[in-house]
Amino acid sequence: MNHFFDVDDIGSLELALARAQSIKAHPRKGYKDGIGKSIGLLFFNPSLRTRLSSQRAAQNLGMDAVVLDVGSESWKLEFSDGTIMNGASAEHIKEAAAVMGAYFDFLAIRAFATLEDRDQDYAEPVLTAFMKYAGVPIINMESSTGHPLQAFADLITIDEFKQNERPKVVLSWAPHPKALPHAVANSFAQWMNSASVDLVITHPEGYDLDPKFVGSARVETNQSLAFEGADFIYAKNWSSYQHYGQVLHQDASWIINQKKMALTNQAYFMHCLPVRRNVIVSDEVIDSQKSIVVEQAANRIISMQTVLSMLLEQKSSE
Ligand code: CP
């Protein structure tokens, strides 16, 4: 693995899950593997889980982790080539990435979509620039189009809780007052398509995801039909992909409530967090015995630690 950008970088999901299980059973077993190694965690956007779980994962491996809020604590970066930099940007990504690559063995980056220009967002200007100029492995901590550490944690959680070999997993759009990126939904669909599950994606008209991520999943615009017999319900809001970045409507009837959960096969409720209670999901569902949102968040340490352990292993063999 040169970089961890999406599901294609992890290799066999079966082997990755086995490694994750082993790390979960013995979180400090690899403590010596990372001693003397360092990671820079760079945040262009806010975070609770990713920021803390990534540091915990690095600590479990004996690594030094340094966090920088690039969006607020550092110089404004320029990403365009050939620009006359007489505006707001004080430093070009070419120097900034190379300097940070000189300071750390690995860099992990969070840079959300702008939701203004689809082509530009889907070209992943920030992550690709770091991959080009940093000279060290780059880890995606949520980019414009994907959140693979979240999707990997989601897969680990489903693997732990599943009651049958091939569970029915439903990714359901849910209402939200603000325009949100597609990264979590894209990655969840992409990873589930590569896993041993039956994936159904349900959303109102106009909220189709990029077909590249939908893959072979069944798409169902009737939420109740989609929920029938489901083993896992994964709620998430996303803005429109076709009418890029727009909130087409905030249909409150798409909230995940107990009446809808009753249509399922006693499904577990999942969400990546943070979640708006009684907008995305009712209190009764998220507070129920079937809610596994905290277990999902806890597995963010395991997904990051698994990826770091693979990258350390590769580095030691070079
Ligand atoms: N799920 C997730 O990535 O949470 P944060 O935005 O708090 O990191």
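In the predicted model, the protein chain is divided into domain 1, which comprises residues 7-146 + 300-317, and domain 2, which comprises residues 148-296. The C-alpha centres of domain 1 and domain 2 lie 25 Å apart, and the contact between the two draws on 30 residues from domain 1 and 32 residues from domain 2.

The size of an interface is often given as the accessible area lost when the parts come together. By this description, domain 1 and domain 2 bury about 2500 Å² between them, with 66% of that area on carbon and sulfur atoms. Polar interactions were also counted across the interface of domain 1 and domain 2, where 10 residue pairs were found in polar contact, both residues of each pair being at pLDDT 80 or more. The count of salt bridges between domain 1 and domain 2 is one. A salt bridge is formed by Lys 24 with Glu 160, in which the closest N and O atoms are 2.9 Å apart.

A search of the whole structure finds one cavity of 30 Å³ or more, and the space in the largest cavity amounts to about 30 Å³. The lining of the largest cavity is made up of His 176, Lys 178, Ala 179, Leu 180, Tyr 207, Asn 237, Trp 238, Ser 239, Gln 246 and Val 247. When these lining residues are sorted by class, five are nonpolar, four are polar and one is charged.

How values were computed:
Residues numbered from 1 in each chain as written. Predicted model: local features only at pLDDT ≥ 70, side-chain atom pairs only at ≥ 80, totals over all residues. Heavy atoms only, no water. 1 Å grid on protein atoms, 1.4 Å probe; cavity = no way out; pocket = protein on both sides within 12 Å on 5 of 7 lines; lining within 4 Å. Points joined across faces, edges and corners; volume = space filled by probe spheres on them. Nonpolar A, V, L, I, M, F, W, Y, C, P; charged D, E, K, R; others polar. Domains from an automatic or database assignment. Contact = heavy atoms within 4.5 Å. Buried area = accessible area lost by both parts, 1.4 Å probe. Salt bridge = Lys/Arg side-chain N within 4 Å of Asp/Glu carboxyl O. Polar contact = N/O pair within 3.5 Å; in protein donor to acceptor, adjacent residues only side chain to side chain.
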